[in-house]
Amino acid sequence: MDVVPKWVDMLLVPLISLLIAFALSGLVIVAIGEDPVAALKLMVTGALGSTYGWGYTLYYATNFIFTGLAVAVAFHARLFNIGGEGQATLGGLGVALIALYIPWPHWALALPAAMIAAALFGAAWAWLPGVLQAYRGSHIVITTIMFNFIAGGLLNYLLVNHMRPPGSMDPSTARFPEATHLPTLHDVLGVFGIEFSRAAPANISFLIAILACVFVWALIWRTRFGYELRAYGHSEPAAVYAGISPKRIVVWAMLISGALAGMMAINNVMGEAERLVLNAVEGAGFIGIAVALMGRNHPLGVLLAAILFGFLYQGGAELALWTAIPRELIVVIQALVILLTGALDNMVRMPIERFYIARRLRRT
Amino acid sequence: MDFLTIIQILDSTLRLATPLLLACLAGLFSERAGVIDIGLEGKMLIAAFTSAAIAAMTGSVWIGLLAGIGASILLSLVHGLASITFRGNQLISGVAINFLASGLTVLVAQTWFKQGGRTPSLMGGARFEQIRLPFANEIIDIPIFGPIYAELLSGHSILVYVGLLCVPLTWYVLFRTRFGLRLRAVGENPAAVDTAGVSVAGIRYAAVIIAGVLCGIAGAYLATGLQAGFVKDMTAGRGYMALAALIFAKWRPWYALYATLLFGLLQALALRYQNIDLGVITIPVQFMDSLPYILTVVILAGFVGRAIPPRAGGQPYVKER
Amino acid sequence: MTGSEIQGRPETAAPAIELRGISKAFGPVQANKDISIKVAPGTIHGIIGENGAGKSTLMSILYGFYKADRGEILIGGKPTTIPDSQAAIAAGIGMVFQHFKLVENFTVLENIVLGAEDGARLTPSLAKARKALTALAEEYELNVDPDALIEEIGVGAQQRVEILKALYRRADILILDEPTGVLTPPEADHLFRILRNLREEGKTVILITHKLREIMDVTDTVSVMRRGEMTATVKTAETSPAELAELMVGRKVLLRVEKAPAEPGRTILDVRDLTVTDGDGVIRLKGVSFDVRAGEILGIAGVAGNGQSELLEVLGGMREGTGEVRLNDAPLPLSGRGADARTRRQAGIGHVPEDRHREGLILDYAAWENVAFGYQDDPAYTSGLFMDNKAIRADTEAKMKRFDVRPPNPDLAAKNFSGGNQQKVVLAREIERSPELLLIGQPTRGVDIGAIEFIHEQIVALRDQGKAILLVSVELEEILALSDRIVVMFDGRIMGERAAAATDERELGLLMAGMESAPADKPAWQAAEEHLDKNGGSA
Amino acid sequence: AEPALIYDLGGKYDKSFNESAFNGAQRWADETGEDFLEIELSSEAQREQALRRFAEAGANPIITTGFAMSSPIEGVAPDYPDTTFVTIDGYVDAPNVLTIGFSEHEGSYLVGMLAAMASESDTVGFIGGMDVPLIRKFACGYAQGVKAVKPEATVISNMTGTDPSAWNDPVKGSELTKAQISQGADVIFAAAGGTGVGVLQTAADEDILSIGVDSNQNHLHPGKVLTSMLKRVDVAVYDILKAGEAEGGIQTMALEDDGVGYAVDDNNRDLITEDMTSAVEEAKQQIIDGGVEVHDYTSDDSCPALTF
Ligand SMILES: Nc1ncnc2c1ncn2[C@@H]1O[C@H](COP(=O)(O)OP(=O)(O)OP(=O)(O)O)[C@@H](O)[C@H]1O
Ligand SMILES: Nc1ncnc2c1ncn2[C@@H]1O[C@H](COP(=O)(O)OP(=O)(O)OP(=O)(O)O)[C@@H](O)[C@H]1O
Ligand SMILES: [Mg+2]
Ligand SMILES: [Mg+2]
């Protein structure tokens, strides 16, 4: 019998964890001699106080939705994909190749092609760790970490030696041609007569990210593959018993996970930078872990958590711009959120469980 | 490549392998006790910062070293709390600790020193000096052996020698002491240790704290031995590389030495040569940089001898569901 | 509840162990409820009860492995707190757990020394233990190679290591939790001899089992547990198996299965030379051949770990093997394409796995999701790429009703059903499809007696429909009661085949130890043990 | 409008290039009592956001350091025609972008002469940051200066890396220094941003001379730093801020405008003899007069005095 009701597990526990993480973050701000209330105000106005702020918040959130979904899908098969970073990096490579080397007449044609390329490249980078896990039992956590570093080396090599335009000193590709530039939320909402900052990078990828949430939900909870994936995640011997091939599930779960992580590139590479730079992923692969943990691996949860982290990111950038608080504060907050919602989960859950058990005993 | 160059490269191999070795042994203690530690990186980083900061403020590198070890132990305890006491996910805890360290170090450094997340450069007694081994000057002219002794073995910071000494020490502790027996048992089957009347949590905390001490030394070496001060993210993935070395070493102390020396050599080569021209092909430096990771994947794939981790690794010890 | 004391000892002697009002809950499960018991010194005290009655929990509390929520422990009349196993060891208690607590890749010696070292340095401790071990081995007929790795010795030897561990720590009170579950009957006999020897030396033994025969054989006193409660403590000499069974279950028990003689038809399953090698390269099945015919139940007897699990798994498509297997004369692929559970189901093989928690069910899935488990491809359950949840739910409701699953709620997660009801869900899923061949492993493990009767009836009913049934059980009684023919497995081989009506436990017991017949020159236990040590036995 | 400053990845306190920019702005702020906005980038992907945010907030001019800002400015500048963007070391062709370049080869030439004169082993070293034409321009000027004094001297040249991490890798700087010392170098010029800190440190530890870059780094190891090749980013920044506004265009700061030079102060006065000073001053005049022409690597991607 479940000790605690579902809503406690899904909502209350993460919320309390989150509050503790924020309280600790507040202490950190006090400790470095700044005013946490002022900092919070600045973050809120900077991230949510204008369409410009929202534009950035949603831009970051889009990245995190993709990487968060990637982690969540793998988690359902009990695979811990730490490789979002590398997979998104490779996704960027795919997008860049598509955007640079094919003359597109219109973004509406370039976008699907870029999505496919991003997904394929990301999936490809997740494929080998998946295969090694499935067929050789290599621990996926370690292999995906290794693949992150290898992806960094590969991209570095390509940008420095092959993809940087002649005469440029900066190891980044040329700008993508005009025709591949994606409509921003300014353009999209403009159609409906809604004013939205033209400067902010949030773009049509956000809508694709929402569709990805729906896709993942249906995949996990409605399809036969999702049924098998979750079964495998709960118990591998049971999956074998039911005629579900663990190898197939592991490889496909990683492929889908990698594809989702790779798709992030349509947002940051194609939608924002419009060229491929080094370290374009900026840790979003890791934030995906926090987002999936907080969102309890449910697409709706991932969406909300991604927006929360988008807010943190944009708010943090504002702090760095207007105060002496370094941007690294956000890294600290992010660490505390991962620690409390992910690893110290039981610190919050145990007392609640004890409360429920005591209450049940009193009733009987 | 002439002899002197080889000596030089091996010399820097030793320097660069030291933090990897210490961190690798840290991971070895932790994982042999069944606690997986992705947070080696973070612990090294926070130790690097704390040791440099305290050394800069007190002028004493030894106080700095102690402070660095202390900071690293603190993060170890967080990891212990999450993975031992509260039976959380050890991987996630490790990831969080790495983030925490990378954020906190810069945040505090910026607050204390206002130098863009670094500490002031360390001078004089705030740094570990190079130690000249006895007779190094006298025998340097003896062919072959002279340079090997005087150039390669002599002239390192004391922590390099500490790191090397830790290898036999670790071996002894693990395989020849009561504590080692219990520690290895806890990593294989904690229930056996528990029912034998020994506290699983106690042993695991001890292991995690030892890991903290070793990471502390590794970090302090980076900031006060190898370099003269802390810079942002100065561990640069060494913790992950140590983790890779640990797999490479199949969780054994002497193999850990060989693995970290190999990775140190790769780093030394990559530092010196941008691209290695082999006539037929040119090996790009990025490949050299990635080689430790690629090798680890190959090992993990089981093509070069299988690496079997401690059986209880990564699982919290739960008696009552 | 009365304490007990045995013949020849003064009643005034303080009980070796007294428990007062022990209660223990695991989350919502109340495993022990207000339990009190006295164990007289120098006796063998049995504790009997159904699976899940709380026996292991109670003993683990005594050994400091779990902490009781309430209650008192008295050792030799003195109130003692036992917060951890160290305290238990200090109080002279040793325990051999149902699931051994050994470090697999340590040597025997290291396992014995672990936690009982003499000083910080290991070498002297090991040397000392080696000496002590030789003495103990001689004294109690407990032979093991001190330098062998645990993973390389058989379960019987492992159990001896566990006993040695306790004796090395100078235990006066020895608890054994279901020690015979992993032993062949001759080995069990030897164990009981050792226990009697220990009693002669004045040691106190607590023996947990759910086998009535063993209780009657060796104990002086017996306590009965039911659903977390201690229902009675009686002198063994003054009770009978029937009475104990009633005390265990709470009502009169039918100890026999009613069934008509079998009418075997054509051969359904034909197995030739079936061999299975596991992931570590160990050969688990060594060229097994047999057949199962329509309308009969073939029982596979054997001590756990002698290849029965692998046999079920390879037939069920859960692992690969070599050899030849034909179902209704059509060959079944044993490796590569088609050697999976899905294909086996399509070929008409139903499979009730040995471990419903590990394999048969997804505990977090709702009942309806579990009813589709393994049949997720069934066109009736799917529409395109999607699952047809409505259809599955409707089918589940029907199946739950026919198998009297309680509560009949398809949306309840499997983990929230009792063991018996969980097993009924699995059976309903597999039997309702009328498979040509039903593989069924440990059908009643962890199931209460009421459900056992129901389950046995269903199995026999399926047989009477003319289906073939392959039954694996470590409960010899169950095998004898259900099977029409019995095959005994030892060390991956078939030791022999008997008609159920023409054999008995003694004969099967020898076969289970790998021996064709009783040796003339030495006692059966010794022959069995030596035989097992030499032949690796089971692991 | 407030001016804004965006520092490149090495950070504002790299003791070198970015710090020089900061110093110029600080001097202006101290003198005028006015304020400026600033941000240190911590990743490639932030460049564009920083530009836009400052532009949105009305900052003007927006001064950036490092060639890597070119491409982001190219993308952002057209959206804010009323804002002037300044790129130091970069190049952007847009009406509202001011490109500032320096004659690094000339300054490097002078410190190369000093290195050659100070060297006893006739072997000197160069450690560059990221391997890009700009840094080769330093190296090439330096080598020409060395050869001008001692045509037979050996110049060992290493680059730290091929990506921006090369600007901030003191360990690598230190290792390369040791390697060059083992090859006989006794004066080493570090043109490598934050990596140079490791070079200067190791040179001081091993008791040889080093040459700093961009800012005056003589004080880092008094008596051990021969001189510093000054690249007056501080002057450039100060001038822009002082003027209050900037126009788009291209501006080069050469030897004659004191845009580049070499540093002499109390920390290194004893290292530089009269002879050295007079020789270098003479060469400086000749360069300004056109009597000596220092080859600029970036003009044709080649160097007469050094092979890479
Ligand atoms: N560690 C545990 N955590 C949670 N529940 C447990 C734990 N151990 C036992 N239980 C539950 O407590 C009850 C009593 O279990 P226990 O193992 O004591 O029974 P038992 O009489 O030994 O049964 P068996 O004959 O199967 O060994 C069962 O319902 C069981 O599921
Ligand atoms: N002593 C007890 N007190 C309270 N609950 C118990 C006790 N023992 C078992 N339970 C719980 O009661 C249910 C039945 O217990 P168990 O798992 O042993 O199945 P079972 O006895 O075989 O049930 P069934 O009669 O349906 O076959 C489970 O939920 C179990 O956790
Ligand atoms: Mg039990
Ligand atoms: Mg039960």
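# Interfaces of chain A with chains B and D

Five residue pairs are in polar contact between chain B and chain A, with both residues of each pair at pLDDT 80 or more. The model is predicted. In this model chain A is in contact with chain B through 42 residues of chain A and 41 residues of chain B, and it is also in contact with chain D, through 26 residues of chain A and 31 residues of chain D. The two interfaces are described in turn below.

**Chain B and chain A: elements and residue classes**

- Helix 3 (61-85), helix 4 (90-113), helix 11 (238-248) and helix 13 (285-300) of chain B each give two or more residues to the side of chain B that touches chain A.
- Helix 4 of chain B gives the most to that side, with 14 residues.
- The side of chain B that touches chain A holds 25 nonpolar, 13 polar and three charged residues.

**Chain B and chain A: area and salt bridge**

- About 3600 Å² is buried between chain B and chain A, and carbon and sulfur atoms account for 81% of it.
- One salt bridge is found across the interface of chain B and chain A.
- A salt bridge joins the side chains of B:Lys232 and A:Glu328, at 3.4 Å from N to O.

**Chain D and chain A: area**

- Chain D and chain A bury about 2400 Å² between them, with 55% of it from carbon and sulfur atoms.
- Of the area that chain D buries against chain A, 26% is supplied by D:Glu44, D:Gln49 and D:Arg53, more than by any other three residues.

**Chain D and chain A: polar contacts and salt bridges**

- Six residue pairs are in polar contact between chain D and chain A, both residues being at pLDDT 80 or more.
- Two salt bridges are counted between chain D and chain A.
- In a salt bridge between these chains, the side chains of D:Glu48 and A:Arg175 meet at 3.9 Å, N to O.

**Chain D and chain A: elements and residue classes**

- Strand 2 (37-40), helix 2 (47-56), helix 3 (70-76) and helix 5 (133-149) of chain D are the elements that give two or more residues to the side of chain D that touches chain A.
- Helix 2 of chain D provides the largest share of that side, six residues.
- By class, the side of chain D that touches chain A is made up of 14 nonpolar, seven polar and 10 charged residues.

Key
Residues are numbered from 1 along each chain as its sequence is written. Chains are lettered from A and ligands numbered from 1 in the order in which they are written. This is a predicted model: local features need pLDDT of at least 70, side-chain atom pairs count only at pLDDT 80 or more; totals for chains, interfaces and linings use all residues. Side-chain values use heavy atoms; hydrogens and water are left out. Contact means heavy atoms within 4.5 Å. Buried area is the accessible area (1.4 Å probe) that two parts lose on being put together, summed over both. A salt bridge is a side-chain nitrogen of Lys or Arg within 4 Å of a carboxyl oxygen of Asp or Glu. A polar contact is a pair of N or O atoms within 3.5 Å; within protein, one must be able to donate a hydrogen and the other to accept it, and residues adjacent in sequence count only if both atoms are side-chain atoms. Helices (H or I, at least four residues) and strands (E, at least two) are DSSP runs, numbered from the N terminus. Ala, Val, Leu, Ile, Met, Phe, Trp, Tyr, Cys and Pro count as nonpolar, Asp, Glu, Lys and Arg as charged, and the others, Gly among them, as polar.
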